[in-house]
Structure formats: structure tokens, C-alpha cells
Amino acid sequence: MNLLLVEPAELAGDGTCTLADRRAAHLRTVLGASAGDRVRAGVIGGGVGSAEILSDDGAAMTVRLAITDPPPAPMPIELVLAVPRPKVLTRVVEAAAAFGVLRIDLTNAWRVDKSYLRSPRLAPEALALAARLGAEQGATTHLPPITVHRRLMALLDARWPGPPAVKLVAHPVGPPIEAAVPPGAAPIALAIGPEGGWIAREVETFAARGFAPVSLGAPILRVETAVAAALGQLMMLQRRTDSCAR
């Protein structure tokens, strides 16, 4: 937990909040925090600052937040992700949320095992927890909305054609990702397929809706690695653009 996150409704009028869940346990047992200590904190959907630990009776911890800075800007990426294996799904959502992506659309695809769509890890509560854990890791107050789509075509028909202008679909034989991203492009839609990748017909369907096939490099990556690699490359491209603009 690199950022203690609290819900706006948890805050009292004086900025205090009582924690009696995993957050208090983490502060107590992992970070070794006690009364008088300060930790980084933020309000979900709001700003960041610090939290002073006022008291801890071993069961509940009372903290007072001081929000001093604006919220970190989300990463301007709309992630479309074919549902991965259940044991991978949580890690992928956590990683994407740590990057601070704008939103996540989970979708069925030809190579998605149909049993994956029945996994309890796709339950709204499980996805919300994964997003929150990722945001705590990435030190962002933005929690990406996550939607599950039972049909890829329904998702594409509902969302595209249309913005954003830059839309990418990961494909091993596509040109390098940096060749398809104009400087300063934002937001970007990025589609990453299941283990085994999108089938040719799916790639053609994405292309018909304005998605440019792109490659992340020579290695063939697992889904969780591909998500981190793609978001990392896009982050580097954005940093390079920002650096050149200064």
C-alpha cells in the first residue's frame, strides 16, 4: 500500500476517518505505523496528501487526512482486454489500475475459454477490489470503471467507430507501437487479446473500426506481461513527448 485510500463518505467533517479493515491491519503490521505517524493518503476520485494516525486500539485505527495536492492525472488509456485466465485476471486488473488507466473493458473473444466468463473473479465486487489494490500500489486516487462484455462485437458496435482518434490492437506481426502513436495523442484505446492472441477475423474487425495493429516487440508475451509492457511503452512515449515540449 503506497497510498492509503479512503472513500469520501468515510470522512467526517473534521477530516477524520476510522479504519477497521485490511487497511488498518496493513498500516499496523506491514508498515509498522502507530499513533503520531503520518502516511501518504488520498480520497478516491479526489486529491492526495497525508494521514496522521491519531489512535489505534488494535482493532480500529483513527486517522486525520490533510489533502494538500490535486489528484494524479489518470493515464489516458482506455484498455480493452480479452478475459484472461481467472488466476491471471486479478493481477492484470491490479496492474492496469496501478498505471491509472481511464477505464477497462473486459470482453469475450474466440480464444477465451467460456468457463472464464463464469469465474467469481469477474464479479463486480472482486473487480472493484482488484482495481482498488492496484490504485493503492500505483499511488493514484483514480479507480478505473470496469465493464464486462459477453460479446466482442457488441462492445465494438457500442463504442466504435468514434473517439478516441488513436486506437491500437496488439498483434505480433504489426508495426512497432511507437510508429502508430502520434506525439501527444490522448486518449488512446488499446486492445490486448487472450493467450494465443486475437484470431485473424477479430483483428480485421478491429481494423475496420479504426484500430491499428501494433507490435510490442519480438517476444511473444503472456497477457499480464503484455499489458504491463504495452502500458509501459505508451507511458515512455508520453514522457518523451512531454520532454520534447519543454
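The structure is a predicted model, in which local features need pLDDT of at least 70 and side-chain atom pairs count only at pLDDT 80 or more, while totals for chains, interfaces and linings use all residues. Residues are numbered from 1 along each chain as its sequence is written, and side-chain values use heavy atoms, with hydrogens and water left out.

A pocket here is an open set of points on a 1 Å grid over the protein atoms alone, where a 1.4 Å probe fits, with protein on both sides within 12 Å along at least five of seven lines; lining residues have an atom within 4 Å of a point. The largest pocket holds about 390 Å³ of space, a volume being the space filled by probe spheres set on the points. Its lining counts 22 residues, and Pro 172, Gly 197, Ile 220, Leu 221 and Ala 226 lie nearest the centre.

The second largest pocket holds about 320 Å³. Among its 20 lining residues, Leu 234, Met 235, Leu 237, Gln 238 and Arg 239 are the closest to the centre. Helix H6 (223-245) gives the most to this lining, with seven residues; helices (H or I, at least four residues) are DSSP runs, numbered from the N terminus.

How are helices H4 and H5 packed? Helix H4 (residues 152-159) and helix H5 (residues 200-208) meet at an angle of about 10°, their axes 11 Å apart; axes are lines fitted to C-alpha atoms over the stretch in contact, and angles run from 0 to 180 degrees between N-to-C directions. The two helices are therefore roughly parallel (angles under 35 degrees). Leu 152, Met 153 and Leu 156 of H4 make the contact (heavy atoms within 4.5 Å) with Glu 202, Thr 205 and Phe 206 of H5.

Notes. Angles under 35 degrees count as roughly parallel, over 145 as roughly antiparallel, 65 to 115 as roughly perpendicular and the rest as oblique.
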